[in-house]
Amino acid sequence: MEIQKIGVIGAGQMGNGIAHVLAIAGYNVLLNDISQDALDKGLDTVRKNMERQVSRDKMAQEEMDAALARISPTLTLTDLGQTDLVIEAATEKEAVKTAIFQELVPHLQDHTILTSNTSSISITRLASGTDRPERFMGFHFMNPVPVMQLVELIRGIATDKPTYDACLQVVEKLGKTAASAEDFPAFIVNRILMPMINEAVYTLYEGVGTVKSIDQSMKLGANHPMGPLELADFIGLDTCLAIMNVLHDGLADTKYRPCPLLTKYVEAGWLGRKAGRGFYDYRGEEPVPTR
């Protein structure tokens, strides 16, 4: 099956990035969200990011105009029923994702492939709530999508080979690299990354180091481009906590217990860059550590 039209559910940080790269690759994209404001913000982000690419001579103005014309916004989830592939990029909450699939499934074509951009939730379990577990899989982009090269492809227990091959072809057309991961909590990248971030929060919680010293140590001592607390703020502390909870619940190992300080920050609404505060305060001219 040749995939031509792709639906993206969610116009937030991940969804608008996915729409961005799909449109540049020549796919017609239907971008869905629950509010007009969210759609407007998502499309504005796509436009600004493409303008940055044009200014850096990574894309011609004509290419940008053509790509933007291939993205159609919609508030109606059922409009995505006529697409060949759907990529769900809603919030990292299983109940939300399940409800979206239940509403969408009755309107899909028989051949439509369903995928989730989840960074941690069981693909097999999500697929079991649909009418097409054999045509369901994980399609996990990295953030920021236009920049990051990797896409994790995760097969559920029932995912068939044609579905995997079709998604692999999409990744290749995007000029990205696919890594095949098994359907275990948090897959590959976040199975390794999130415990490291969680341990950095424990290091802060226990007073071993300050926000600045922890991030500086990992950047200069381990050659990481971003410190783990800075990276957590970029990802979103609520997302980090959700993934740690999935790891803790799914693997039943105390080494994955979320740090109480991470939970406290999320309870305070200090979710990182998107909220203006996290381990750093972003409301001034320069980020300032909050501890």
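Ser120 lies in the loop that runs between strand S5 (113-116) and helix H5 (123-128), and in this predicted model Ser120 is buried, with a relative accessible area of 1%. The side chain of Ser120 makes a polar contact of 2.9 Å with the side chain of Glu92.

**Around Ser120**

- Leaving aside residues up to four places away in sequence, Ser120 touches Glu92, Pro185, Ala186, Phe187, Ile243 and Val246.
- Ala186, one of the residues that Ser120 touches, is placed in the loop between strand S8 (177-181) and helix H7, and Ala186 is itself buried, with a relative accessible area of 0%.
- The backbone of Ala186 has a phi near 70°, which is a positive value in a residue other than glycine.
- Ile243 and Val246, also among the residues touched by Ser120, have numbers that fall within helix H10 (residues 237-251).

- Helix H9 (residues 228-235) is largely enclosed by the rest of the structure, because 7 of its 8 residues are buried.
- The buried residues of H9 are Pro228, Leu229, Glu230, Leu231, Ala232, Asp233 and Ile235, a list that holds the charged residues Glu230 and Asp233.
- The cover over these buried residues of H9 includes helix H1 (13-24), helix H7 (189-205), helix H8 (211-221), H10 and strand S9 (280-281).
- Just after H9, Gly236 takes a positive phi of about 115°.

**Packing of H10 with H11**

- Two packed helices are described by the angle between their axes and the distance between the axes.
- Helix H10 (residues 237-251) packs with helix H11 (residues 260-268) at an angle of about 135°, and their axes are 9 Å apart.
- H10 and H11 are therefore oblique to each other, and H10 passes H11 in a left-handed crossing.
- The residues that meet are Leu237, Asp238, Cys240 and Leu241 in H10 and Leu262, Thr263, Tyr265 and Val266 in H11, and by class they divide into 6 nonpolar, 1 polar and 1 charged.

**Packing of H2 with H3**

- Helix H2 (residues 36-55) and helix H3 (residues 61-69) pack with their axes 9 Å apart and at an angle of about 160°, which makes H2 roughly antiparallel to H3.
- The crossing in which H2 passes H3 is right-handed.
- On the H2 side the contact is made by Val46, Arg47, Met50, Glu51 and Val54, and on the H3 side by Gln61, Met64, Ala67 and Leu68.
- Sorted by class, the contact of H2 with H3 has 6 nonpolar, 1 polar and 2 charged residues.

**A cis peptide bond**

- Asn143 and Pro144 are joined by a cis peptide bond, for which omega is about 0°.
- Pro144 has its place in the loop between strand S6 (136-141) and strand S7 (150-155).

Conventions. Residues numbered from 1 in each chain as written. Predicted model: local features only at pLDDT ≥ 70, side-chain atom pairs only at ≥ 80, totals over all residues. Heavy atoms only, no water. Helix = DSSP H or I, 4+ residues; strand = E, 2+ residues; numbered from the N terminus. Buried < 20%, exposed > 50% of the residue type's maximum accessible area, 1.4 Å probe, protein only. Polar contact = N/O pair within 3.5 Å; in protein donor to acceptor, adjacent residues only side chain to side chain. Contact = heavy atoms within 4.5 Å. Axes fitted to C-alpha atoms, helices over the stretch in contact; angles between N-to-C directions. Parallel < 35°, antiparallel > 145°, perpendicular 65-115°, else oblique. Left-handed = near helix turned anticlockwise from the far one by under 90°.
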